[in-house]
Amino acid sequence: MAVLKVKFTKTNRDKLAQVLWILNWVSVVTGVILFSLGLFLKVEINKRWELMAERDLHYVPNMLIATGLIACGINFLGGKICYDCADTTKFLRWKLLMLPYVICTFFFTFCILVGALMCYGMRGELEEALDLGLRDAMRYYKDTDTPGRCFLKRTVDLLQIQFQCCGNFGFRDWFQIQWISNRYLDMSRREVVARLRSNVEGKYLMDGVPFSCCNINSPRPCIQHQITNSSAHFNYEYQTEELNLWRKGCRQALLEYYTHIMQSIGFTVLIIWLFELSVLTGVRYLQTSLENVLRQGDPDSESDGWLLENSFVETARSNFNIIKSLGKCNQIDTANNGDPNINVPSTAYYGPDNLPSKQIPMAS
Amino acid sequence: MALLKLQFPLQRRVRLAQGLWLLSWLAVLAGAFTFSLGVYLKTELLRRAEVMDNTEIHVVPNILMLVGLVTMGINLFAGRVCQDSLDSARFPPWKPFLLPWYGLAWMVCVWLLSAVVLSYALQGHLEESLKVGLRNGIRFYRDTDVPGRCFQKETIDRLQMELRCCGNTNYRDWFEVQWISNRYLDFTSKEVKDRVRSNVDGRYLMDGVPFSCCNPGSPRPCLQNHLTDNTAHYNYEHQSEELNLYNRGCRQALVDYYMGLMNTIGPGILSVISLQMSVLVSLRYLQTSLDGVDPENPEADSEGYILAKGVKETMMDVKNIMFKLLQFGQVEAGDEAEAGADGEKAATSS
């Protein structure tokens with residue numbers, strides 16, 4: 001009861017071998033694509049490393065890069081094997097290697113599927129990393145004189161300009177942190193001292209935002225300071241003003257950007273996985289049909305190809321038994337008190353009617 | 001005394017034809033490359049068309065696009081010709097087209113060279129066009145409620161942020177223009193009234209710049225207003241402050257950008273010219289060597305040259321042909337009388 005048995009004539013086998021040869025080379029190209037997708041994701045994550053907190057996000061692109069390289073190698077070997085399979089004599093070279101190759105490729109395609117699913121699953125960790133990273137970046141916005149943080153101001157400004165966003169969730173996040181360094185605050189002025197004293201931590205908080213939050217689509221010149229004070233600016237109502245600053249939060253903007261990238265990459269990897277699976281199926285059919293041809297002895301005859309020789313359950317059981325007996329290789333069979341010779345019926349016994357069962361032919 | 005004469009045994013002729021076929025396909029690709037360079041340059045110029053006053057500079061990408069298409073056409077023709085060249089039956093029909101082809105190929109090289117020269121020569125015109133365009137853009141920055149000008153603000157802001165520049169020549173250009181619309185000025189306030197009265201045109205001028213001039217690389221939060229007043233900001237000296245705003249003017253930034261583009265395109269075009277010249281020379285050699293082949297002995301050696309006589313003699317021949325063509329329209333009677341006189345002279349001398 002083979003699983004999905006298909007009959008293969010000689011021409012069918014040859015054509016299958018040729019088609020698989022071409023498909024394996026196409027798979028090498030898809031392996032390169034996989035590798036470059038992983039590289040692209042790695043570069044994109046590295047570009048904004050300053051805005052992401054310490055989270056291990058690199059395992060996804062590393063997985064894609066590794067599977068891409070392995071895919072190139074496996075499919076290169078597969079192409080070589082399928083090229084030789086068109087000729088039954090050359091197949092003998094690969095006969096012993098083919099079954100391990102099919103098994104390895106099966107596990108490898110499983111790894112590709114895992115890689116695709118990881119792309120979709122990375123979103124949660126990315127959200128957390130961005131949340132913490134952006135919060136810290138905004139907190140250190142003013143520290144342009146601290147080594148290690150001196151470029152954060154530029155990074156945050158360029159981020160807000162490029163992604164058209166402001167703050168973590170919205171522009172009000174800037175009201176809760178001091179983003180003007182003490183170096184530029186005139187401590188001798190009364191207003192400055194009053195503001196500093198007005199909150200517990202001694203921070204200079206104001207209802208103003210940096211210039212990078214300004215919306216270029218606004219019809220009026222940007223209002224950055226005293227945003228919540230409608231009387232501070234002529235013809236300005238803070239509640240109805242929508243075009244003055246960017247409304248989106250940078251966390252959401254970055255998350256959308258990265259989610260879009262990862263969804264596209266995940267989708268492409270799924271397509272590649274389906275393609276690899278179909279190539280693997282073809283190689284399995286080729287292997288089984290060629291082995292059956294060799295078993296029958298006539299290289300030009302028809303043969304059967306299948307995915308599994310017995311049904312799924314029987315194959316699983318026999319494999320399980322093999323694995324069990326592999327494990328028992330070094331063990332002693334304790335069933336007969338350790339003596340393997342007990343209860344084995346003796347073929348030679350000597351007694352009165354001890355006659356060899358076979359008559360010695362009398363020479364006549 | 002042929003110009004640059006070479007011997008062509010059969011093997012060399014065959015190799016020349018094959019090499020020329022490959023070269024002509026390369027030249028087709030080069031033509032496509034030239035066309036795409038033209039398209040790219042034109043798109044880049046159109047992107048900033050709102051800050052340019054005239055479109056004189058567009059002649060460079062237009063030439064490149066046109067010449068790119070022509071190059072593709074003539075080199076497809078050259079490929080076809082050399083495919084047929086080794087077959088003595090199929091080659092003769094192409095012969096009459098070859099002389100115009102040489103003329104066209106020569107013109108292509110001249111046009112490409114002129115495009116390269118123009119791209120440098122028109123730099124002054126580009127700068128003038130940008131000067132006027134940017135001046136208008138800055139002047140109409142505040143007119144976000146006037147149809148036709150309502151996007152000037154967005155255009156100028158985007159330009160200044162993308163190219164990291166401020167104003168026309170530098171940031172001081174914003175001091176001479178009222179860039180805040182009257183809709184947002186409180187005319188009941190004394191300060192506004194004073195400012196408006198302080199100049200002849202009644203404009204609200206201030207020593208401030210829009211937010212798009214701010215440099216994100218500055219260590220301190222951007223100072224946009226009261227830029228020339230050192231006392232208005234703590235720890236600020238306007239003469240020595242360099243990082244607060246972008247120092248470059250947008251005109252200079254745009255000219256640098258476009259000159260950089262043309263400098264990158266220049267060597268590409270020069271290599272296309274040399275490729276086309278080599279196709280021209282090779283086809284000429286192929287044609288002359290095939291013409292020199294003896295019809296009874298097609299596998300013999302033949303000679304190939306660029307010009308049958310030397311350069312001076314060829315020029316004289318061309319001049320004579322031109323004169324004959326020009327004289328063709330003149331009265332025939334003079335020729336007949338001359339022919340009659342010559343005939344009498346010949347009769348009397350013999």
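A:Val26 sits in helix H1 of chain A. The model is predicted. A:Val26 is also part of a nonpolar surface patch of about 610 Å². The largest share, four residues, comes from H1(A).

Now the contact between the chains. Chain A brings 25 residues to the contact, and chain B brings 25 residues. The area buried between chain A and chain B is about 2300 Å². Carbon and sulfur atoms give 66% of that area. Which three residues supply more than any other three of the area that chain A buries against chain B? They are A:Tyr184, A:Phe211 and A:Ile216, which together supply 30%.

On the side of chain A that touches chain B, the residues divide into 13 nonpolar, six polar and six charged. How many salt bridges does the rule find across the interface of chain A and chain B? The count is zero. Polar contacts are found, however: six residue pairs make them across this interface, with both residues at pLDDT 80 or more.

The interface values are set out here.

| Item, chain A and chain B | Value |
|---|---|
| Residues from chain A in the contact | 25 residues |
| Residues from chain B in the contact | 25 residues |
| Buried area | about 2300 Å² |
| Share of buried area from carbon and sulfur atoms | 66% |
| Salt bridges | zero |
| Residue pairs in polar contact | six residue pairs |

Terms used
Residues numbered from 1 in each chain as written. Chains lettered and ligands numbered in written order. Predicted model: local features only at pLDDT ≥ 70, side-chain atom pairs only at ≥ 80, totals over all residues. Heavy atoms only, no water. Contact = heavy atoms within 4.5 Å. Buried area = accessible area lost by both parts, 1.4 Å probe. Salt bridge = Lys/Arg side-chain N within 4 Å of Asp/Glu carboxyl O. Polar contact = N/O pair within 3.5 Å; in protein donor to acceptor, adjacent residues only side chain to side chain. Nonpolar A, V, L, I, M, F, W, Y, C, P; charged D, E, K, R; others polar. Patch = residues over 30% accessible without salt bridge, like charges linked within 9 Å, V, L, I, M, F, W, Y side chains within 5 Å. Areas by Shrake-Rupley, 256 points an atom, 1.4 Å probe, with all protein chains shown as cover. Helix = DSSP H or I, 4+ residues; strand = E, 2+ residues; numbered from the N terminus.
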